[in-house]
Structures are given as structure tokens and as C-alpha cells.
Amino acid sequence: MIGPFEENSIQCVDAYEAIKRIPDKSIDCIYTDIPYLYQQGGSGSSELGERTAKKRLRLMGYDDSRAALNGMTYGEMLKQAKRGEREQEGQSIENGIDYAILDEFCKKYGGKLPLFIGKTITMQSQVDALGEDEITDFLSIEPILEPLDLSSILGRTRQLIIGAETGNRKGKVIPQKEWITRIVEQADKRGIRVFMKGSIRKIMGDDFRRDRLIWG
């Protein structure tokens, strides 16, 4: 047990509240993928979600006091603001806002916590869009949706995590073994670790492998 929580279990709780019940010095690593709920507006209804939404509104230059005046939550106001930005600019509000929040976190805790920064890639267009000076500790290729050529970016990362699309949606992409084998070959040439998710175990068969994670 870790505090009141059983190990190797999924807890449907408010993480902001639950983490207060976990004893100090009982966690070695936290694997997270932010920004959360990006497509839904970028925040949840929890206290943490509201605080994050309020911070984003201020970074975007909005008067967050209008939320209370209009009987809205900060999350609802943020969603409305993002919708307006997309209509005006034809693109998402990513424009540095989410990364400004992450950057603030890294500056505050970077010297105190072992941070590993990663990026998710699913299509070749995302690979080609990476800046020449962009460096990540790991690349999460999950779900892999098409054949990928990573030769241009493998010199700037330390680990690959590969997985397939899960669920039963119409049009679900089932990757070919050749796609993954090609990525592994490219990684091996660079001495980069490869960790395969259980979603591709059947596809890879005897070639399924899990190199040690860089934070392991």
C-alpha cells in the first residue's frame, strides 16, 4: 500500500486531493503527459484545473474576473477563449501558452526533481515539424499511425516508447510489424533504447522488447 492506495491499481480520484494522502518520499517517478484535456479546453473542473485555467487566461491577456461576472468557471471561459482564438487565427491556442506553464514548472522544480521531457509523435508530419534545435529525453510514438522515418531526429533523444492505437473505434489503425521494425533498426544504429507497449506485443511476437527506461 502507498498510503491508502493499493499498489498496481487505478484510482478514480481527484489527483490534486489524492496526492496529499500519499506519504513523503514514497514515489520515485511520475509519468505524466501534459497539457491535460487539451481538446476539451485545457482544464478540468477540479481546484487544480480551475487554477490552471485562470493562469492560462492571464497569459492570454484575458480579464479572468469576467468569469465570475458571467457565472462561468475559469475552465468554461478558457474554452470559450480558445474557440475564439481558433476562429480568428485558424489555429489552436498552443502558441506558447501551455509551454509557458510547463517552463514555469521546470524552472521552479528542475533543480529539485529528476525531470524527463518527452514529445508525442504519431505521423511523419509531426517528425518533420520538429525544430532543428529541439531536444527531448524521449519520444512517445503512440499510437503509431503510419510508417515513420526518424533518422533526422534520433540524434536528439534518448529513448523511444512505441505503442498502437487501442479501443474499437471505426477506422482504427493497426500498425504493420515492418513499421515498427524500421524504427527499431534506426534506434539501434544510434544506441537509443526502445520500450514497446503491450498494445504491440502480438504484432511483434518474438521481436517484442522492452529496454530499460531511462528513468528506471
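**Salt bridges and overall build of a predicted protein chain**

The side chains of K20 and E17 meet in a salt bridge, with a distance of 3.6 Å from N to O. This pair belongs to a predicted model, and a search of the whole structure finds 8 salt bridges. The protein chain has 216 residues, and its secondary structure comes to 8 helices and 4 strands.

**The pair K20 and E17**

- K20 counts as exposed because its relative accessibility is 54%, which is over the 50% cut-off for that class.
- E17, the partner of K20 in this salt bridge, is partly exposed, with a relative accessible area of 37%.

**The pair D207 and K177**

- A salt bridge also joins the side chains of D207 and K177, where the distance from N to O is 2.8 Å.
- This pair links distant parts of the chain, since D207 lies in the segment after α8 (201-204) while K177 belongs to helix α7 (residues 177-190), and the two are 30 residues apart.
- D207 counts as partly exposed at 43% relative accessibility, and K177 is likewise partly exposed, with a relative accessible area of 30%.

- Because R209 lies in the segment after α8 and D188 in helix α7, the pair ties together parts of the chain that are 21 residues apart in sequence.
- R209 has a relative accessible area of 23% and is therefore partly exposed, as the buried class requires a value under 20%.
- D188 counts as partly exposed too, at 41% relative accessibility.
- The salt bridges here form a network, in which D188, R209 and D211 are linked.

**The chain as a whole**

- Read along the sequence, the secondary structure elements of the protein chain follow the pattern α-α-α-α-α-β-α-β-β-α-β-α.
- Of the 216 residues of the protein chain, 31% count as buried.
- The protein chain exposes about 14,200 Å², and carbon and sulfur atoms supply 50% of that area.
- When contacts in the protein chain between residues at least 6 apart in sequence are considered, 43% of them join residues that are at least 24 apart.

Conventions
Residues numbered from 1 in each chain as written. Predicted model: local features only at pLDDT ≥ 70, side-chain atom pairs only at ≥ 80, totals over all residues. Heavy atoms only, no water. Buried < 20%, exposed > 50% of the residue type's maximum accessible area, 1.4 Å probe, protein only. Contact = heavy atoms within 4.5 Å. Areas by Shrake-Rupley, 256 points an atom, 1.4 Å probe, with all protein chains shown as cover. Salt bridge = Lys/Arg side-chain N within 4 Å of Asp/Glu carboxyl O.
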